[in-house]
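Open the model in your viewer and keep the selection tool at hand.

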Amino acid sequence: MSPQTTGQDLQTSDKPLGRDDLARLVAKDIAPGSFVNLGIGQPTLVSNYLLPEQDITLHTENGMLGMGPEAVGDEIDGDLINAGKIPVTELPGASYFHHADSFAIMRGGHLDICVLGAFQVSATGDLANWHTGAPDAIPAVGGAMDLATGAKDVFVMMTLLTRDGASKIVETCTYPLTGIGCVTRVYTDKAVFLTGPDGVRVRETFGCSFEELQELVPVPLKAAPAVER
Amino acid sequence: MLNFMDSVGEAVAGIGDGATVMIGGFGNAGQPFELIDALLDCGATGLTVVNNNAGQGDQGLALLIKEGRVKKMICSFPRQSDSWHFDAKFRAGEIELELVPQGNLAERIRAAGAGIGGFFTPTGYGTVLAEGKETRILDGRGQVFETPIHADVALIKALKADGKGNLVYRKTARNFGPIMAAAAKHTVVQVSEIVPTGGLDPENIVTPGIYVNSIVKVA
């Protein structure tokens, strides 16, 4: 009997994870020495939990590797901002480059991981995170499509459910797509999902059992084999 | 031909109605505010503007849009919390928008400067932003054909120029400067400092002077 076919042993927390706990978990999962791009919003929290010994280099697509924490007080310099246009600092070993080089870093597959927010992720890892498709919305895409298709691994951070209780992990995205089959992991308050061509595997659950999770998600779930946990 | 100008007005004087103008900057970093103000004063209208954004607040590109000088924006991220002038024009149907993924925007500008007639990229494949474009499967991945973006004029900001028009930039204000300088037929640069020829280390020059036509020092 295969131990990973039961769901109960996947639960690693009594409660759903808050935003900071989730950011801490993502930070812990980033391999030492990685080059990483953190998207605007919730993914930015991950930087608060990266440890110096992990030696992670942060990329910001406006043109810098070796980005440091947000600038405060006298450190604030209008010429030194991140992709969210927030003043930041540089770390020793930082480098600056123009926009085409910065996107070549992404598009050329040189970034190990990008962490993005999402509206929806499909069962096969399609990502929708740039546009709700509402007719009166002004569309803005920025670097989302380049990140989604260019990074070696695309991690998504989001709540599992919308405010209306609908699963954001869906069979097929109904919002306009950002990229096809690009998402490799989804970190949510209720579970961590691994996505790929062979469907959605659950690595761990928070505050619910595998069976309870399956009731929330309209896509067949499998427990991830132990080697992926 | 390289010219050092006495004023920003003189530097933008050749920009006519209907021109395609690349404007450097990502948000406010690297945005050549003084050159944009001069463009506003010179009265040119019906412009197509290439920038990452569509202006923020009540300055620079946002004012050019507010005053109705911009017919079309080519950009990746027009919608921001303070992009109210663009938002109003867009909702009124008074400005055209070509929305381009940011990496495609940068690479299309780079391609123009490098004499590349177009390129295939996976970015945007299968999305609404690739609709109507030629696609191919290359290396097992769906890819979209993208064309270069040329411009009549580029307005950019650098930190220093030397007597040969060589440029260095400052931190993340570099952003679109080097690729726009190469892509436009005529490149106008505002700098904080002009140093004598030989005053910049050739190893550290980011934009060679061959791409630069007009330089003006702003305070």
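Predicted model: local features only at pLDDT ≥ 70, side-chain atom pairs only at ≥ 80, totals over all residues.

Select chain A. A compact globule of 229 residues would have a radius of gyration near 17 Å, and chain A has 18 Å, which agrees. That radius is taken over C-alpha atoms, and the globule rule is 2.2 Å times the number of residues to the power 0.38.

Residues are numbered from 1 along each chain as its sequence is written, while chains are lettered from A and ligands numbered from 1 in the order in which they are written. The model scores ipTM 0.96 and pTM 0.96.

**Chain A as a whole**

Stay on chain A. Its C-alpha atoms fill a box of roughly 55 × 45 × 30 Å along the principal axes. Colour by secondary structure: there are four helices and 14 strands. Helices (H or I, at least four residues) and strands (E, at least two) are DSSP runs, numbered from the N terminus. Buried residues make up 45% of the 229 residues. A residue is buried if 20 or more other C-beta atoms lie within 10 Å of its own, exposed if 12 or fewer, and partly exposed in between; C-beta atoms are placed from the backbone.

**Strands in chain A**

Select residues 35-38 and 57-60 of chain A. These are β2(A) and β3(A), which pair in the parallel sense over three bridges. Two strands pair if DSSP finds at least two bridges between them. A:Phe35 stands opposite A:Thr57.

A:Thr60 has A:Met64 as its bridge partner. The hairpin of β3(A) and β4(A) has three residues between the strands. Click A:Gly63 there: it takes a positive phi near 135°.

Next, select β7 (residues 120-122) of chain A. Two bridges join β7(A) to β8(A), and the two run antiparallel. A:Val121 pairs with A:Leu127. Widen the view to the open sheet of three strands, in the order β8-β7-β10 (chain A), with mixed pairing. β8 (127-128) and β10 (169-170) of chain A stand at the edges with a single partner strand each, so one side of each is left without a neighbour in the sheet.

Where does A:Phe103 sit? Its place is in helix α2 (residues 99-107) of chain A. Is A:Phe103 buried or exposed? It is buried, because 27 other C-beta atoms lie within 10 Å. Now find A:Asp146, which is 43 residues away along the chain; its C-alpha atom is 7.4 Å from that of A:Phe103. Leaving aside neighbours within four places in sequence, A:Phe103 also has contacts in chain B, including B:Gln102 and B:Ala106. Two residues are in contact if their C-beta atoms, placed from the backbone, lie within 7 Å.

**Crossing to chain B**

Show both chains. 36 residues of chain B are in contact with 30 residues of chain A. Select α4 (84-91), α5 (102-114) and α6 (177-183) of chain B, which each supply at least two residues of the side that touches chain A. α5(B) gives the most, with five residues.

Now select chain B alone. It has six helices and 12 strands. Its radius of gyration is 17 Å, close to the 17 Å that the globule rule gives for 219 residues, so chain B is as compact as a globular protein of that length. Buried residues make up 53% of those 219 residues. Chain B averages a pLDDT of 97, and 100% of the residues score at least 70.

**A sheet in chain B**

Select three strands that form an open sheet, in the order β6-β8-β7 (chain B), with antiparallel pairing. β6 (119-121) and β7 (135-138) of chain B stand at the edges, each with a single partner strand, so one side of each is left without a neighbour in the sheet.

Zoom in on β8 (residues 141-146) of chain B. Four bridges join it to β7(B), in the antiparallel sense.

How values were computed: pLDDT = per-residue confidence, 0-100.
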